Amino acid sequence: MSSVLERLTRAQNDHDAVSFASYFTEGYRSEQPVHPGRAFTGREQVRENWTSVFAGVPDFRSELVASCRDGDVEWGEVHWWGHHVDGAVFEMRGVIIATIRDDRIAKARLFVDAVERSGSDIEAAVEQSYRPPPAEE
């Protein structure tokens, strides 16, 4: 039998928001620790969100890059890509940690974000994120 995340990926690639949402419990809890304001509850919100995804990115594709399961928790690395309706490139990558109950996702922590193709190099990123004091001479 395939994992829940494998079945989710198939539903994504079929652009089937109803099938996709069926893999979540009615009381599903979504958390995005890097974006806490995006937390929500409920299968219906999953369906609404993914209906919008498929409308906004009509050639949406998904790959489950890697996954594993430990007890009732599935971990998956995802890569999502396509083009927005205006032709702009869409690409996201990250990790999803899903708690499984009765072969459905009851809770998930999403660490998925947009890919920056022209972002800062590592020195600039360290400087911006950690603000180390100037080096002493």
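These legends walk through several close-up views of one predicted protein model.

Residues are numbered from 1 along each chain as its sequence is written, and side-chain values use heavy atoms, with hydrogens and water left out. As this is a predicted model, local features need pLDDT of at least 70 and side-chain atom pairs count only at pLDDT 80 or more, while totals for chains, interfaces and linings use all residues.

View 1. Helices (H or I, at least four residues) and strands (E, at least two) are DSSP runs, numbered from the N terminus. Follow the sequence along and you get the pattern α-α-β-β-α-β-β-β-β-α. Along the principal axes, the C-alpha atoms fill a box of roughly 60 × 40 × 30 Å. Of the 137 residues, 35% count as buried; here buried means under 20% relative accessible area, exposed means over 50%, and partly exposed is in between (1.4 Å probe, protein chains only). The chain exposes about 8,600 Å², with carbon and sulfur atoms supplying 51% of that; areas come from the Shrake-Rupley method with a 1.4 Å probe, and for residues only the protein chains shown count as cover. Contact means heavy atoms within 4.5 Å. Take the contacts between residues at least 6 apart in sequence, and 45% of them join residues at least 24 apart.

**View 2. Helix 1, residues 4-13, tucked into the structure.** Eight of its 10 residues are buried, so the rest of the structure largely encloses this helix. The buried ones are V4, L5, R7, L8, T9, A11, Q12 and N13. Look just past the end of helix 1 for H15, which takes a positive phi of about 55°.

**View 3. The largest nonpolar core, a set of 28 residues.** A nonpolar core is a set of buried Ala, Val, Leu, Ile, Met, Phe, Trp, Tyr and Cys residues joined through side-chain atoms within 4.5 Å. The members that touch the most others are F24, Y28, V46, W50, W80 and I105. Strand 5 gives the most, with five residues. Zoom in on V46: setting aside neighbours within four places in sequence, V46 is in contact with F20, A21, F24, Y28 and F40.

**View 4. E26 and R43, joined by a salt bridge.** A salt bridge is a side-chain nitrogen of Lys or Arg within 4 Å of a carboxyl oxygen of Asp or Glu. The structure holds nine of them. In this one, the N to O distance is 3.1 Å. The pair links distant parts of the chain, with E26 in strand 1 (residues 24-31) and R43 in helix 3 (residues 43-56), 17 residues apart. E26 is exposed, at 53% relative accessible area, whereas R43 is partly exposed at 24%.

**View 5. A salt-bridge network of E31, K107 and R109.** The closest N and O atoms of R109 and E31 are 3.1 Å apart. That pair also ties together distant parts of the chain: R109 belongs to strand 6 (residues 104-114) and E31 to strand 1, 78 residues apart. Both are partly exposed, R109 with a relative accessible area of 31% and E31 with 23%.

**View 6. R93 and E91, another salt bridge.** Here the closest N and O atoms are 3.9 Å apart. R93 is partly exposed, with 38% relative accessible area, while E91 counts as buried at 15%.

**View 7. Helix 4, residues 122-130, hardly covered.** None of the nine residues in helix 4 is buried. D121 caps the N-terminal end of the helix, with a side-chain oxygen 3.3 Å from the backbone nitrogen of E123. Just after helix 4, R131 takes a positive phi of about 50°.

**View 8. A nonpolar surface patch made by I122, V126 and Y130.** Patches are made of residues with over 30% relative accessible area and no salt bridge; like charges are joined within 9 Å, and nonpolar side chains (Val, Leu, Ile, Met, Phe, Trp, Tyr) within 5 Å. This patch covers about 340 Å². I122 sits in helix 4 and is exposed, with a relative accessible area of 59%. An α-helix has 3.6 residues a turn, so residues three or four places apart point the same way.

How values were computed. Polar contact = N/O pair within 3.5 Å; in protein donor to acceptor, adjacent residues only side chain to side chain.
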